[in-house]
Amino acid sequence: MEHIEIRETMPEDAEKLIAYLKKVGAETDNLTFGKEGLSVTVEQEKAYLTQVHEEQRSVHYSVWKEGELIADGSLSGLPRRMSHYAELGLSVIKEQWNQGIGGRLLDELIAYARQASIEIIRLEVRSDNAGAIHLYEKYGFKRVGMIPGYFKINDTYVDFVMMCLDLRG
Ligand SMILES: CC(C)(COP(=O)(O)OP(=O)(O)OC[C@H]1O[C@@H](n2cnc3c(N)ncnc32)[C@H](O)[C@@H]1OP(=O)(O)O)[C@@H](O)C(=O)NCCC(=O)NCCS
């Protein structure tokens, strides 16, 4: 793999992250947003990244190649009686798919989860997203349920699979 750097995303990366999310959202219908990205301001994104940086059970990583943000991955710790759980998110720009970047991000996220005493990682993935499901299963995630019609894109419903990686014991 060409030289890439994986590091925690910091508040000063907010502008690049917003632009990245618009790009990746335009390239795939597998994410919760499209070409509009998250529709947040730079200040809102900075505040989000500051909060994630400060929360022990949440983290946001970004992958950089020649100064360009090409992938991201996150864990969002859940509150209260679910605080042993974190929700995982993952995306890579299309021209970099199938080069091991998603796998490297999963390595980092799972290592982070272990040191943060997160016991179960949860995610939802489109049931037709064969590449992502293959990748998650390779890392030990198990299919634990179906979520009917979780996305509605232009009046078309898309079913999802819920997957968990149980790090207990
Ligand atoms: C899913 C995603 C993050 C994977 O990132 P990536 O960098 O391509 O992942 P990797 O290269 O590490 O691994 C991809 C694996 O899927 C496999 N794969 C790709 N397409 C596949 C398909 N149609 N069926 C089965 N396996 C497939 C690859 O062969 C590879 O497995 P291998 O290492 O065992 O050969 C990336 O495709 C992406 O961002 N997609 C759009 C957003 C998305 O779907 N995010 C996940 C939301 S839950």
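View 1. Strands β6 and β7 form a hairpin with two residues between them, and Asn 154 in the turn has a positive phi of about 45 degrees. Helices (H or I, at least four residues) and strands (E, at least two) are DSSP runs, numbered from the N terminus. This is a predicted model, in which local features need pLDDT of at least 70 and side-chain atom pairs count only at pLDDT 80 or more, while totals for chains, interfaces and linings use all residues. Residues are numbered from 1 along each chain as its sequence is written. Strand β6 (residues 142-153) pairs with β7 in the antiparallel sense over eight bridges; two strands pair if DSSP finds at least two bridges between them. Here you can find Met 146 opposite Val 161 in β7. Strand β7 (residues 156-166) also runs antiparallel to β5, joined by seven bridges. In that pairing, look for Arg 126, which stands opposite Phe 160 in β7.

**View 2. The shell around the ligand.** Around the ligand there are 22 residues, and the closest are Asn 30, Gly 102, Gly 103, Ala 130 and Gly 131. A residue is near a molecule or strand if its C-beta atom, placed from the backbone, lies within 6 Å of it. At least two residues of the shell come from each of β4 (85-92), α3 (101-115), β5 (120-126) and α4 (130-138). Helix α4 gives the most, with six residues. Sorted by class, the shell has 10 nonpolar, 11 polar and one charged residues. Ala, Val, Leu, Ile, Met, Phe, Trp, Tyr, Cys and Pro count as nonpolar, Asp, Glu, Lys and Arg as charged, and the others, Gly among them, as polar.

**View 3. Helix α1 and its buried side.** Helix α1 (residues 14-27) has 14 residues and reaches 20 Å from its first C-alpha to its last, close to the 20 Å expected at 1.5 Å a residue. That expected span is 1.5 Å times one less than the number of residues. Buried in α1 are Ala 14, Leu 17, Tyr 20, Leu 21 and Val 24. They cover an arc of only 115 degrees around the axis, which puts them on the same side of α1. The arc is that of the directions from the helix axis to the C-beta atoms. A residue is buried if 20 or more other C-beta atoms lie within 10 Å of its own, exposed if 12 or fewer, and partly exposed in between, with C-beta atoms placed from the backbone. The buried residues of α1 pack against α2, β2 (59-65), β3 (68-77) and β4; two residues are in contact if their C-beta atoms, placed from the backbone, lie within 7 Å.

View 4. Which residues of α2 are buried? They are Glu 45, Leu 49 and Val 52. These cover an arc of only 60 degrees around the axis, so they sit on the same side of α2. An α-helix has 3.6 residues a turn, so residues three or four places apart point the same way. On the other side of α2, Glu 43, Gln 51 and Glu 54 are exposed. The buried residues of α2 pack against α1 and β2. Thr 50 also lies in α2 (residues 42-54), and Thr 50 is partly exposed because 13 other C-beta atoms lie within 10 Å.

**View 5. Ile 70 in strand β3.** Ile 70 lies in β3 and counts as buried because it has 20 C-beta neighbours inside 10 Å. Not counting residues up to four places away in sequence, Ile 70 touches Val 63, Trp 64, Lys 65, Val 92, Ile 93 and Gln 96.
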